[in-house]
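Dear colleague,

Please find the structure below, together with the sequence. My notes on it follow directly after.

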Amino acid sequence: MTETDRFTKERERMVEFQIRTRGIRGERVLAAMRKVPRHLFVPEGLEQSSYEDRPLPIGEEQTISQPYIVAVMTENLELRPESRVLEIGAGSGYQAALLAELAGSVTSVERIESLADRARENLARAGITSVRIVIGDGTEGYPPGAPYDAIIITAASPAVPQPLIDQLAEGGRLVAPIGPRDCQDLVKLVKREGRVATTSLGGVCFVPLIGVFGWSGEGL
Ligand code: SAM
């Protein structure tokens, strides 16, 4: 069996036993997770761990999130082929690759330049050319592409940054880990008639969102 075949089998097992059996039923999300080669988004030397049920380090004290949490967040964005999506925290580019499989346009903001460069490389290796990676403070959103049908924040914030709520379209969904620095509540916001309704999706532990409308970078 070639290494590619072996990774394909591991990915199928990941989707079946870590994702589908835990309750993720959206066929488009499951298909995207079966398709995107997660091993191309982890640092050299960690490929053999790519399909394990846990986050992995990607350098700069940041992580590629656990596959199941990626699935929960992606499913709750309720993406359609024409959706315009904004991700805050490109990291490895893996989440952005999934978004690109499911939506019409994807912009991902990353504050650490070296990670943004690597995310672009990873996406290119995976053959995904449609994602726009922007370097900057994602707590301020990305006004040139607004409004967005879906926004995903993949780092933890003390509260949902107001600019992101402002940049969400009517009927739009925002998914984010909100709460203290160590562990948080994963929340889903839906915007209707200018107001947001919030539901909880459960407990998670994410690295901090650092920026004007997030945590300060001091003491990290
Ligand atoms: N979505 C990523 C993936 O698929 O690999 C994982 C993201 S990692 C858990 C969180 C990322 O958020 C880190 O890369 C970190 O540098 C980034 N980040 C933190 N604060 C940010 C901010 N204000 N704007 C943009 N990115 C930020």
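Helix α5 (residues 113-125) contributes the most to the lining of the second largest pocket, namely 5 residues. A pocket, on a 1 Å grid over the protein atoms alone, is an open set of points where a 1.4 Å probe fits, with protein on both sides within 12 Å along at least five of seven lines; lining residues have an atom within 4 Å of a point. The second largest pocket holds about 200 Å³ of space, where a volume is the space filled by probe spheres set on the points, and grid points are joined across faces, edges and corners. Its lining comprises 15 residues, with Val42, Pro43, Arg118, Asn122 and Arg125 nearest the centre. By class, this lining has 6 nonpolar, 4 polar and 5 charged residues; Ala, Val, Leu, Ile, Met, Phe, Trp, Tyr, Cys and Pro count as nonpolar, Asp, Glu, Lys and Arg as charged, and the others, Gly among them, as polar.

Please note that this is a predicted model, in which local features need pLDDT of at least 70 and side-chain atom pairs count only at pLDDT 80 or more, while totals for chains, interfaces and linings use all residues. Residues are numbered from 1 along each chain as its sequence is written, and side-chain values use heavy atoms, with hydrogens and water left out.

The largest pocket contains about 530 Å³ of space. It is lined by 35 residues, and those closest to its centre are Thr63, Thr154, Ala155, Phe206 and Val207. At least two lining residues come from each of β2 (62-64), α3 (67-76), β3 (84-88), α4 (94-102) and β4 (105-110). The lining divides into 19 nonpolar, 12 polar and 4 charged residues.

In α3, 8 of the 10 residues are buried, so the helix is largely enclosed by the rest of the structure; buried means under 20% relative accessible area, exposed over 50%, and partly exposed in between (1.4 Å probe, protein chains only). In α4, 7 of the 9 residues are buried, including Tyr94, Leu98 and Leu102.

Tyr94 also takes part in one of the 2 aromatic pairs found in the whole structure. Rings of Phe, Tyr and Trp (its six-membered ring) pair if their centres lie within 6.5 Å; planes under 30 degrees apart count as stacked, over 60 as edge-to-face and the rest as tilted. The pairs are as follows.

- Phe7 and Tyr51 form a tilted pair, 6.0 Å centre to centre with 50° between the planes. Phe7 belongs to helix α1 (residues 3-20) and Tyr51 to the loop between α2 (27-35) and β1 (56-59), so the pair ties together parts that are 44 residues apart in sequence. Both Phe7 and Tyr51 are buried.
- Phe41 and Tyr94 form an edge-to-face pair, 5.9 Å centre to centre with 65° between the planes. Phe41 lies in the loop between α2 and β1 and Tyr94 in helix α4, so this pair ties together parts that are 53 residues apart in sequence.

Charges also sit over two of these rings, in that NZ of Lys or CZ of Arg is within 6 Å of the ring centre and within 35 degrees of the ring normal. Arg6 lies over the face of Phe7, 5.3 Å from the ring centre, and the charged end of Arg38 is over the ring of Tyr94, 5.0 Å from its centre.

Turning to the strands, 10 of the 11 residues of β7 (residues 168-178) are buried, so this strand is largely enclosed by the rest of the structure. Strands pair if DSSP finds at least two bridges between them. Strand β6 (residues 148-153) runs parallel to β7, joined by 4 bridges, while β8 (residues 184-192) runs antiparallel to β7, with 6 bridges. β7 and β8 form a hairpin with 5 residues between them, and Gly179 in the turn has a positive phi of about 145°.

Finally, some backbone details may interest you. Most residues other than glycine have a negative phi, and most peptide bonds are trans. A cis peptide bond joins Ala146 and Pro147, with omega about 5°. Glu60 has a positive phi near 55° and is partly exposed, with a relative accessible area of 44%. Glu193 has a positive phi of about 50° and is exposed, at 72% relative accessible area.

Yours sincerely
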